[in-house]
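Subject: Handing over the structure

Dear colleague,

I am passing on a structure for you to look through, and I have written down below what was found in it. Please open the sequence and the model side by side before you read on.

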Amino acid sequence: MMTVVVNGGEINNLSRVWLAVIASLCYCHFISATLPKGKCRLFSLSPIFYIFSILPLHTNSAFFTAVTVFFITWLANFKLLLFAFDRGPISSGAPKSLPAFIATAALPLKIKPPQNDAAGSTTTSKKSKKLLPLNLATEIPISVVLISILHEYRDYIHPKIVLVAYCCLVFLSVEILVEVSSLLVGAFLGFQLEPASDEPYLSSSLREFWGRRWNLTVSSILHQTVYRPVWSAAAAVLGGDWAALPAVLAAFVVSGLMHELFFWYITRVSPTWEMTMFFVVQGVCVVAEFGVKVALAGRKWRLPWFVSGPLTVGFVVATSFWLFFPPVMRNGADVRVIEEFRFVAELVKEKLTEYSIRIGRKWA
């Protein structure tokens, strides 16, 4: 893969993939959007669903494949599914310009709803007060250090510490991808965008972690494409109070299946369903947590945050050690991604050194 990158082959592959994405979304904007919502528009989008599903097969890099699956095969397809019924972030009520349509459909963005100045300033001040000063200026160097350490010393580090580092890298990777996308779109289109996550390490319950803090773009899309339809169907049978339970489980099952597909594209190895089980376990525990909350309704007893917080994050991390990371490590996807990042870092370092020497000679 490294030789392919150097020769430009993988860059050419990625360029063709994103040209196909842009052309497909132009078709959606100019053709499908003119059709009535429902079955007719859904049928017109079926070729795009197919194209977006095969695009990751045209990249060789594990990282480029992962980005394509996350941005296009998963999120863009789900957004287009909502668009077929005039719902979601690219519906008729969303920004209608072609650049805005393409950016919103193809990137993991969540546009902030319009607010008055007073409310907006209050929300901004609240969001700016983070426990940890994490932004691109700190997240990228931390990621580089972690990747360098894992690349050089992984075999000498305790496996559990390696897994903790992987948890940090997953969090940082999602943050960086979304923040870079938001920075570009905000600069060119002027949108106010939601953050990637809202400090999930501060969660005091699983419901808070998965529903309100972790990967907000994916949470929002799953809520619209899975949770709401299942809730509506279940409410007719179970009533509104209990309809949330099958809806939550359905959202976690779909998330698990999409993660399974995500890693299949990268490894091309038959799934073991461990990753699906990871999300099923999370969903069952969220439902159980909800049941305990209902059972204790009206009582003042509650775990203090300094107990519930570590328990929540510790449970997610421990179950990821058990079910999420083993299939990734077993097939070497983690090593591939680390090697690719390390190679790119060394290449950038080499080019910057050459450029600095050239500038130094010029001014000597």
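Predicted model: local features only at pLDDT ≥ 70, side-chain atom pairs only at ≥ 80, totals over all residues.

Residues are numbered from 1 along each chain as its sequence is written, and side-chain values use heavy atoms, with hydrogens and water left out.

The chain has 14 helices and 0 strands, where helices (H or I, at least four residues) and strands (E, at least two) are DSSP runs numbered from the N terminus. Of its 364 residues, 42% count as buried, a word that stands for under 20% relative accessible area, with exposed meaning over 50% and partly exposed in between (1.4 Å probe, protein chains only). Among the contacts (heavy atoms within 4.5 Å) with a separation of 6 or more, 73% join residues 24 or more positions apart.

How do helices α2 and α5 pack? Helix α2 (residues 9-30) and helix α5 (residues 98-106) meet at an angle of about 120°, and their axes are 10 Å apart, the axes being lines fitted to C-alpha atoms over the stretch in contact and the angles running from 0 to 180 degrees between N-to-C directions. That angle makes α2 oblique to α5, because angles under 35 degrees count as roughly parallel, over 145 as roughly antiparallel, 65 to 115 as roughly perpendicular and the rest as oblique. On the α2 side the residues that meet α5 include W18, L25 and C28, and on the α5 side they include L98, F101 and A105.

With a disulfide defined as a pair of cysteine sulfur atoms within 2.5 Å, the count comes to 0. C28 is in no disulfide, since the nearest cysteine sulfur, that of C26, is 9.1 Å away, and C28 is buried, with a relative accessible area of 0%. C168 is likewise in no disulfide, with the nearest cysteine sulfur, that of C167, 6.8 Å away, but C168 is partly exposed at 36% relative accessibility.

Lastly, W231 lies in helix α10 (residues 216-238) and is partly exposed, with a relative accessible area of 33%. Leaving aside residues up to four places away in sequence, W231 touches G240, A243, A244 and A247; of these, A244 is 13 residues from W231 in sequence and 5.8 Å from W231 in space, C-alpha to C-alpha.
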